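This briefing covers the interface, the nonpolar cores and the salt bridges of the structure shown below.

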Amino acid sequence: MDAAAPLLSVEDLRTHFFTVDGVTRAVDGVSFTVNAGETLGIVGESGCGKSVTALSILRLLPQRIGRIVGGRVLLEGEDLLGLDIGAMRDIRGNRIAMIFQEPMTSLNPVLTIGEQIAEAVRIHQGASAADALARAEEMLALVRISDARRRLGDYPHQFSGGMRQRVMIAMALSCNPKLLIADEPTTALDVTVQAQILKLMLELKERTGAAVMLITHALPVVAETCQRVIVMYAGRIVEMAEVTELFDRPLHPYTRGLMSSIPRLGAAARQKRLTEIPGLVPDLRKPVIGCAFAPRCPLADDHCRAEAPPLTEHLTAHQAACWKAGEAA
Amino acid sequence: MAGVAAEAAAAPRSGGARVFIRRNPTIVIGGALLIVMLILALLAPFIAGDPLHVAPVNRLQPPDLTNLFVAGAMDRFGTDNLGRDVFARTIYGARVSLLVGIAVAFFSTTIGLFVGLAAGYYRALDTIIMRLMDALMAIPGILLAIALVALTRGGVPVVIFAITVPEIPRVVRLVRAVVLTVRERPFIDAAVSVGSRPRKVILRHILPNTLAPLIVQATYVCASAILVEAGLSFLGAGVPPEIPTWGNMIAQSRLFLSRAPWTVFFPGACLAIVVLAINLVGDGLRDRLDPRLARRMR
């Protein structure tokens, strides 16, 4: 396999939810790649499909309701969507690991921390109980939980939120995954702890060489941690660029809206009111005609409302799905 | 700082028993009563005479509790219409009652646990299993026991089986309900996301979370089984009459109730005490294991 080939390549992924109220197109034709060792941010409002994209990659969608109806997910050239469930289990936690949003409830209250970290090691590396526990201790020390040996026998309720998220990171990295998907890893934490957790994640990523797919709704988090950013809206990618490029020259009106809705400090900002994006995310149960953002977009015209804009490269390595890309807001 | 922490860690241990008694009086009282009964039942051959020895000369002797601790005394609880020692029969009867209660609680919770886990986790099995359980629940326990005793020669195993069968669906429903809530919790997704197989998810992550309510349920099953066994024996559909059980004793002595109330009183009182003790333990465990439920019920 040549070095230039991406680690993960998602091609035209479509994930729909079949509910009694109709079909929700949660992810509607998403394509992107993750290169080995890179940090990719996926940003968007609640319900834009970023978590569903992550769950689709690992095929962890809610049974019976959620279904991947099209596309391919290639991990080092192998299509994950075609694998049988046993082969998929070999990938989960081993080559792709995931960290969830809620550290308070993502650990089993009746099992010790040590048992839970050791679980993935035992499953994927066939390690003995003692070896797996030793690895768990090593991982716990790596995420800077002091007195790791003793804390292995503690239960989740004896840890704080930030420490639990550290435990989740230790669990996720215990099998040296190639890709770590972090779904809002810091959203549920105190602001002071958020920065610590992000820093720790990035440090460990450097150490293990894993690629990170960081899902978040917070642009500042992306600015500090990611190399490339994908902005999602209504189940589609609306903009994709290098992080500095995106913040310097946002092309899509939605991205610009997101940026101007971040409160800023300083004299220049003091007079201005904090801007918001008017309107609501469209109902994904109804077919979207034209650009999904058009009803909320200040630049929208009849062309926007009639025909959906494709994701095209407007600047170098900077793609946006907008007919008016680059026009001043 | 370290000293304070060490002290705090040591505190619950020193004087732990006293604290435990003060916080859990129901468990302690119920547990003590049960342990006494259990010891008496186990030591029956050493502390009680022959429960089957018939001595018509001594029939319907009133009890003399002053002899309670005199080994070999025949009239501690008096004698029945055939001159049999009521004390010996009551103590031996405890063996059957406790055996039936514990066995029914064990079998119905064990079977119910695994059936309930399967029903709650595998949605495809759920409908089939739950309709089967509905059918089982529709069978009246006493009728089933009478039918079984009529078909076989009866005996303790048949009674245990007959009481276990209608208890299973109750346990299955409880376990299934717990599984349905546990399986939606994020740590189950987390377990699946590290590559755990369904069997492992069920046994390692879901099962331990069902144990607290299940243990509480087991105590209620145990108490109810002891009562049902006594009822079946009383009706003549339970343990064969030659084996002394509390139900059999009450049944055989009811004709002499007005002349020799002690023949009914002692087995009846033991029955009430054991059932009360088990329920006390069950309530105490529920308070300890599920504080939220306990608060709601108060």
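In this predicted model, 19 residues of chain B are in contact with 21 residues of chain A. The area buried between the two chains is about 1,800 Å², and carbon and sulfur atoms give 56% of that area.

**Interface of chain B and chain A**

- B:Ser193, B:Val194 and B:Arg204 supply 32% of the area that chain B buries against chain A, more than any other three residues.
- The interface holds 1 salt bridge. It joins A:Glu119 to B:Arg204, with the closest N and O atoms 3.0 Å apart.
- On the side of chain B that touches chain A, helix 9 (186-193) and helix 10 (198-235) each supply at least two residues. Helix 9 of chain B gives the most, with 7 residues.
- The residues on this side of chain B divide into 8 nonpolar, 5 polar and 6 charged.

**Nonpolar cores**

- The largest nonpolar core has 162 residues, of which A:Phe32, A:Ile57 and A:Met213 touch the most other members.
- Helix 5 (residues 86-121) of chain B contributes the largest share of this core, 15 residues.
- Leaving aside residues up to four places away in sequence, A:Ile57 touches residues including A:Leu8, A:Phe32, A:Val73, A:Met88, A:Ile181 and A:Met213.

**Salt bridges**

- Over all chains, the count comes to 33 salt bridges.
- In chain A, A:Glu11 and A:Arg72 form a salt bridge at 3.1 Å, N to O. A:Glu11 lies in strand 1 (residues 8-19) and A:Arg72 in strand 4 (residues 66-75), so the pair ties together parts that are 61 residues apart in sequence. A:Glu11 is partly exposed at a relative accessible area of 28%, and A:Arg72 is partly exposed at 39%.
- In chain B, the closest N and O atoms of the salt bridge between B:Asp126 and B:Arg176 are 2.6 Å apart. This pair links helix 6 (residues 123-137) with helix 8 (residues 156-182), the two residues being 50 residues apart. B:Asp126 counts as buried at 6% relative accessibility, while B:Arg176 counts as partly exposed at 21%.
- B:Arg131 forms a salt bridge with B:Asp134, with the closest N and O atoms 3.0 Å apart. Because they are 3 residues apart in helix 6 of chain B, B:Arg131 and B:Asp134 are separated by about one helical turn. B:Asp134 is partly exposed, at 28% relative accessibility.
- A network of salt bridges links A:Asp12, A:Arg14, A:Asp28 and A:Arg236.

Methods. Residues are numbered from 1 along each chain as its sequence is written. Chains are lettered from A and ligands numbered from 1 in the order in which they are written. This is a predicted model: local features need pLDDT of at least 70, side-chain atom pairs count only at pLDDT 80 or more; totals for chains, interfaces and linings use all residues. Side-chain values use heavy atoms; hydrogens and water are left out. Contact means heavy atoms within 4.5 Å. Buried area is the accessible area (1.4 Å probe) that two parts lose on being put together, summed over both. A salt bridge is a side-chain nitrogen of Lys or Arg within 4 Å of a carboxyl oxygen of Asp or Glu. Helices (H or I, at least four residues) and strands (E, at least two) are DSSP runs, numbered from the N terminus. Ala, Val, Leu, Ile, Met, Phe, Trp, Tyr, Cys and Pro count as nonpolar, Asp, Glu, Lys and Arg as charged, and the others, Gly among them, as polar. A nonpolar core is a set of buried Ala, Val, Leu, Ile, Met, Phe, Trp, Tyr and Cys residues joined through side-chain atoms within 4.5 Å. Buried means under 20% relative accessible area, exposed over 50%, partly exposed in between (1.4 Å probe, protein chains only).
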